[in-house]
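Please look at the chain on the screen while I talk.

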Amino acid sequence: MQPLQIVTTRIISHLRCRLKPSATPQIKICPIMARPSSNMADFRKCFANAKHIAIISGAGVSAESGIPTFRGAGGYWRKWQAQELATPEAFARNPSRVWEFYHYRREVILTKEPNPGHIAIAECEARLHEQGRRVVVITQNIDELHRRAGTKNLLEIHGTIFKTRCTSCGSVVENYKNPICPALSGKGCEEAGCRGLVRPHVVWFGENLDPAILEEAFRELDLCDLCLVVGTSSVVYPAAMFAPQVAARGVPVAEFNTETTPATNRFRFYFQGPCGTTLPEALARHETETS
């Protein structure tokens, strides 16, 4: 059995999205290492030798583009805590309110642009592709900024805010309409004869991740020989398990964040600061690259 195939069985109890681990976890993900290195030259040597790079990104990358994270003390929209609106129960009680919240988020996102961190990742992927090397981005973000920056190999494990899913027939379609709220009054699903209520095609608290996308993410992580963890808090499961499991099999993992996380000491490298500052240097063309 391959290392990350083992993970699939280990996370069955954590497949419900965004659950934090218990205070006394039964499974030790990987041993805590000595203090991680911040030596960029050493990281660049690993980067130069890597053939298959996995990049796990979280809300911190989007925050640098000005997109609210709705966490901590600022985690409110109007008078409601944002995390209380991002649930299937909230949608069942008041779909109009939930859609107002997501309409607001869509409007904000459409005014923002990919930042230097997004662009560094996309440019690195395109350049290394020409060299026969692979870069894949596994993102928890739903804003499509990686896509707009030019990233091609992209797994959006929490979905995208610019797709809708019918609650009746399950039809999933791209939707950039502005505003989208009229879909709640007589329009609904556009599939012939359906007209069911549409919802954002995102993974809400208490919902399962798409098993096909999750399996694809594990496959990429099982093959990678370098892993970057970018702007993620490492507390949202099951994504919080991805990088530590890669580190457990001896693969270099580098964390890029403005502050340390519960997983920092499990990784070989840690680079503190905005991703838009650290990533362009980390992913720039190496002197050994031939094209």
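Helices here are DSSP runs of H or I with at least four residues, numbered from the N terminus. An axis is a line fitted to C-alpha atoms over the stretch in contact, and angles run from 0 to 180 degrees between N-to-C directions. This is a predicted model, where local features need pLDDT of at least 70, side-chain atom pairs count only at pLDDT 80 or more, and totals for chains, interfaces and linings use all residues. Residues are numbered from 1 along each chain as its sequence is written, and side-chain values use heavy atoms, without hydrogens and water.

Take helix H2, residues 40-49: its axis and that of H11 come within 10 Å and cross at roughly 55 degrees. That makes H2 oblique to H11, since angles under 35 degrees count as roughly parallel, over 145 as roughly antiparallel, 65 to 115 as roughly perpendicular and the rest as oblique. On the H2 side, Met40, Phe43, Arg44 and Phe47 make the contact (heavy atoms within 4.5 Å); on the H11 side, Thr278, Glu281 and Ala282 do.

Which helix packs with H11 at an angle of about 20 degrees? Helix H7, residues 116-129, does, against H11, residues 275-282, with the axes 7 Å apart. H7 and H11 are therefore roughly parallel to each other. Pro116, Gly117, Ala120 and Ile121 of H7 meet Cys275, Gly276, Leu279 and Pro280 of H11.

A cavity is a set of points on a 1 Å grid over the protein atoms alone where a 1.4 Å probe fits but cannot get out. The whole structure has 1 cavity of 30 Å³ or more.

Conventions:
On a 1 Å grid over the protein atoms alone, a cavity is a set of points where a 1.4 Å probe fits but cannot get out, and a pocket is an open set with protein on both sides within 12 Å along at least five of seven lines; lining residues have an atom within 4 Å of a point. Grid points are joined across faces, edges and corners, and a volume is the space filled by probe spheres set on the points. Helices (H or I, at least four residues) and strands (E, at least two) are DSSP runs, numbered from the N terminus.
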